[in-house]
Amino acid sequence: MFAAERRQLILEMVRANGAVSLRELARVVQTSEVTVRRDVRALEAEGLLDRRHGGAVLPGGFTRESGFPQKSHLATAEKTAIADLAASFVEEGEAVVVGAGTTTQELARRLARVPGLTVVTNSLLVAQALAHANRVEVVMTGGTLRGSNYALVGSGAEQSLQGLRVSRAFLSGSGLTAERGLSTSNMLSASVDRALVQAAAEVVVLADHTKLGSDTMFQTVPTDLITRLVTDEPPAHDDRAATELQALADQGVQIAVAGASGGQGGEAVPARHQQQRRDVPLPAPRRGQVPGAPAGLRAASMLGEQPPGGERARVADLRRR
């Protein structure tokens with residue numbers, strides 16, 4: 001492929017997806033990351049895109065949301081590893097909320113194997129992944145269907161979450177920075193995600209390294225409300241992602257890295273983050289929350305009936321207070 005053809009394809013990918021990692025660009029155009037980095041520099045000089053450490057974004061500083069077909073083919077290996085690790089934090093009999101996204105869809109496929117689980121979601125894709133799971137109860141919000149990501153949004157979705165209380169929320173987004181936390185490009189999606197956060201005692205963000213350091217228009221979860229980040233190991237040359245991981249750890253976010261040493265089914269932190277990482281207690285119920293859950297839903301309060309231990313005991317203790 002000639003340089004001009006490569007650069008045109010790179011430009012089309014960035015325009016279609018808003019942000020693309022160098023690793024993904026190199027895979028698609030079938031060349032080395034060194035060559036792709038040179039192409040990205042040339043396109044940036046022409047004002048056609050903005051270069052970021054480890055990738056390229058649309059010009060202007062804020063990435064826009066891409067559609068489901070494009071996102072489903074990006075960083076697939078990373079999303080699979082993140083979903084595997086995130087699923088290990090869920091225990092039998094829990095009640096959780098799972099937001100919309102391609103990474104959370106991967107998580108849902110693994111949650112189908114957890115008996116006695118209740119999953120509340122606004123995502124049709126998450127619900128579909130769990131539709132035939134034995135002993136998993138799926139509760140969907142109301143709302144208006146947003147076709148680009150197959151999610152229910154709007155006042156109907158937000159109202160159906162009022163009074164809900166579960167142990168943890170699993171959310172994804174378009175970008176994550178230590179300064180603003182998790183963000184997305186759509187106002188309606190951000191509003192529903194905030195309602196999901198209000199229902200949970202713990203917030204777990206699923207974000208691959210390409211989203212670290214990216215900022216988008218609407219804040220979903222501020223950094224001080226993020227309990228844990230599940231991500232993948234950034235490439236050695238990706239200074240932006242490594243810097244954001246360090247900054248997030250400095251602010252008390254627990255970092256779980258899929259594929260790192262000890263990362264199979266447990267929490268793993270790269271050596272360069274271990275000294276800065278701090279465990280933080282589960283956030284207290286947010287103002288305006290009503291303990292309990294809708295009829296027919298196994299809410300997090302029922303976890304107190306299970307043998308205490310680990311994080312579940314902390315959740316149960318929090319409710320007794």
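Notes on the model. I am working from a predicted model, in which local features need pLDDT of at least 70, side-chain atom pairs count only at pLDDT 80 or more, and totals for chains, interfaces and linings use all residues. Residues are numbered from 1 along each chain as its sequence is written, and side-chain values use heavy atoms, with hydrogens and water left out.

Backbone. I noted that Gln-30 is not a glycine, yet its phi is positive, near 60°. I placed Gln-30 in the loop between helix H2 (22-29) and helix H3 (33-45). Helices (H or I, at least four residues) and strands (E, at least two) are DSSP runs, numbered from the N terminus. I then turned to Arg-135, another non-glycine residue, and read a positive phi of about 60°. Arg-135 lies in the loop between helix H7 (124-130) and strand S6 (136-140). Its relative accessible area is 59%, so Arg-135 is exposed.

Helix H6. I checked residues 102-111 and found 9 of the 10 buried, so helix H6 is largely enclosed by the rest of the structure. Among the buried residues I listed Thr-102, Glu-106, Arg-110 and Leu-111.

Rings. I found the charged end of Arg-228 over the ring of Phe-89, 4.1 Å from the ring centre. The criterion is NZ of Lys or CZ of Arg within 6 Å of the ring centre and within 35 degrees of the ring normal.

Notes
Buried means under 20% relative accessible area, exposed over 50%, partly exposed in between (1.4 Å probe, protein chains only).
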